[in-house]
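User: Can you take me through this model? I care about helix packing and pockets.

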Amino acid sequence: MLELPESYTISKQIEQVLKGKIISCIEIMHTPHKFAFFQGDMDKYPDYLEGQAIVGATYHGGMIEIDTEDSMIVFADGAYPKYYEDKRKFPKKHQMAIYFDDETAVFVSIQMYGFISIFPKGKCTEEYYISSSGKASPLAEEFTLDYFISLYPSGGKKLSAKEFLATKQRIPGLGNGVLQDILWDAGIDPRFDMRQATEADFEALYTSVKKMLKKMCECGGRDTEKDLFGNKGGYITQLSKNSLYEPCMKCGHEISKANYMGGTVYFCECCQKR
């Protein structure tokens with residue numbers, strides 16, 4: 001699924017490779033997918049995009065935004081764009097295709113579920129997009145320790161470390177995938193009750209959020225995900241399906257997993273405080 005390291009990496013690649021290309025035509029739902037969700041007026045998609053030039057791209061949390069002269073395309077969750085230069089290699093199955101006048105194309109295939117939004121530029125009304133684009137990025141200077149602590153809700157309600165970091169769009173782009181290594185680096189178990197957190201725990205979490213996301217982005221995303229060209233990211237995940245039952249890189253204890261809050265969490269029972 002798209003999380004901050006992938007949206008950051010792919011948006012930079014789009015800037016480098018697609019900027020200036022003219023969209024000749026688009027195709028939607030060539031291959032039906034019941035979990036492909038399209039937002040905006042689908043009947044107007046061709047009017048919004050065809051004949052338009054790509055002028056740039058950016059990221060908002062785990063979302064990728066591609067801007068044309070007058071319109072915007074947003075990919076979220078499992079909506080992964082992939083670029084093809086050779087039309088002989090164009091995929092036969094896809095949920096969206098963007099064809100350019102130089103006979104190259106971008107195809108989007110949905111992994112599990114995904115959202116594709118197309119609107120006039122600056123007119124996207126989707127709450128998820130508005131929330132993501134309106135909050136401080138962990139890569140930005142304004143994401144300070146004070147700001148991070150302010151994200152923790154008051155009132156004494158039980159909140160686990162996973163729930164605090166990866167739900168309610170508190171930190172857009174920080175999902176269950178990148179969460180694993182952040183908590184491992186901070187030495188905190190995903191199920192840790194944040195009501196017991198000390199000032200030092202908050203500082204450790206903040207430092208790990210900033211450090212690990214920056215590192216993942218600098219490496220071109222995680223090795224469990226792919227970039228615009230279909231290549232795996234260069235960041236080697238410490239806690240993922242790839243490392244299950246392998247020795248922890250800190251202490252050598254076997255990595256474990258559990259089902260928690262509707263997903264799988266990976267952890268080291270020795271290194272992470274429960």
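Predicted model: local features only at pLDDT ≥ 70, side-chain atom pairs only at ≥ 80, totals over all residues.

User: At what angle do α1 and α7 pack?

Analyst: Helix α1 (residues 4-17) and helix α7 (residues 199-218) pack at about 35 degrees, with axes 8 Å apart. Helices are DSSP runs of H or I, at least four residues, and strands are E runs of at least two, numbered from the N terminus. Axes are lines fitted to C-alpha atoms, for helices over the stretch in contact, and angles run from 0 to 180 degrees between N-to-C directions.

User: Which residues meet there?

Analyst: L4, P5, Y8 and T9 of α1 meet L213, M216 and C217 of α7, contact being heavy atoms within 4.5 Å. Six of the contact residues are nonpolar, one is polar and none is charged. Here Ala, Val, Leu, Ile, Met, Phe, Trp, Tyr, Cys and Pro count as nonpolar, Asp, Glu, Lys and Arg as charged, and the others, Gly among them, as polar.

User: New topic: which element gives the most to the lining of the largest pocket?

Analyst: That is α6, with four residues. The lining has 13 nonpolar, 15 polar and nine charged residues.

User: And how does the lining of the second largest pocket divide?

Analyst: Into six nonpolar, three polar and four charged residues.

Note on methods: Residues numbered from 1 in each chain as written. Heavy atoms only, no water.
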